[in-house]
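Here is a structure to read slowly, with questions about the words used to describe it.

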Amino acid sequence: MPYTDQTLYCRDCNEEFIFTVGEQEFYASRGLMNSPTRCPSCRAAHKATRSGGDRSRSYSNDGGYAREPRQMYSATCASCGKEAQVPFQPREDRPVYCSDCYQPQGSGRRSSDRRSRW
C-alpha cells in the first residue's frame with residue numbers, strides 16, 4: 001500500500017499538521033497502527049509533562065532529552081602529572097590518567113590482563 005502525506009488535526013491545539021510518508025513508514029516499521037493525534041510541538045510538550053518528577057532531564061527542541069551538565073572532578077594524572085578532569089570521584093588506591101595518557105595505559109593494561117587470565 002503506497003503512502004501519501006496526510007493532513008491531520010491536533011487534538012490539543014486543533015492546528016493542522018502533516019503526517020508525512022516517512023513518518024507513516026516509520027510507524028508501520030514499529031507496528032504502530034494508529035496515526036498520531038497530536039502535532040509535533042504538542043507531542044513534545046505532552047512527553048515533557050509525562051516524565052514526571054525527573055528534573056534531571058528535560059525535553060529539548062531536537063527531539064531528545066537534554067541532560068544536566070555532568071559533575072567533573074580534578075585529579076592528577078598518574079602518568080604525566082598533569083591535572084585531569086574526570087566524571088567520577090577519584091580514589092587514592094586507583095590511578096587516574098589524563099586523556100592523553102589514558103589510551104596507551106588502557107590498551108596495554110587490557111591486553112596484559114587478558115593474557116594473565118588465560
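A pocket is an open set of points on a 1 Å grid over the protein atoms alone, where a 1.4 Å probe fits, with protein on both sides within 12 Å along at least five of seven lines, and lining residues have an atom within 4 Å of a point. A volume is the space filled by probe spheres set on the points, which are joined across faces, edges and corners.

This is a predicted model, in which local features need pLDDT of at least 70 and side-chain atom pairs count only at pLDDT 80 or more, while totals for chains, interfaces and linings use all residues. Residues are numbered from 1 along each chain as its sequence is written, and side-chain values use heavy atoms, leaving out hydrogens and water.

Q: What volume does the largest pocket have, and which residues are closest to its centre?
A: The largest pocket holds about 360 Å³ of space, and of the 15 residues that line this pocket, the closest to its centre are Tyr27, Pro36, Arg38, Arg43 and Lys47.

Q: Why is Gln24 called buried?
A: Buried means under 20% relative accessible area, with exposed over 50% and partly exposed in between (1.4 Å probe, protein chains only); Gln24 has 5% relative accessibility, and therefore counts as buried.

Q: What makes strands S1 and S2 a pair?
A: Two strands pair if DSSP finds at least two bridges between them, and strand S1 (residues 6-9) and strand S2 (residues 16-19) are joined in the antiparallel sense over 4 bridges, with Thr7 opposite Ile18 in S2.

Q: Which residues does Leu8 contact, beyond its neighbours within four places in sequence?
A: With contact meaning heavy atoms within 4.5 Å, Leu8 meets Glu15, Glu16, Phe17, Phe19, Ser35 and Pro36.

Key. Helices (H or I, at least four residues) and strands (E, at least two) are DSSP runs, numbered from the N terminus.
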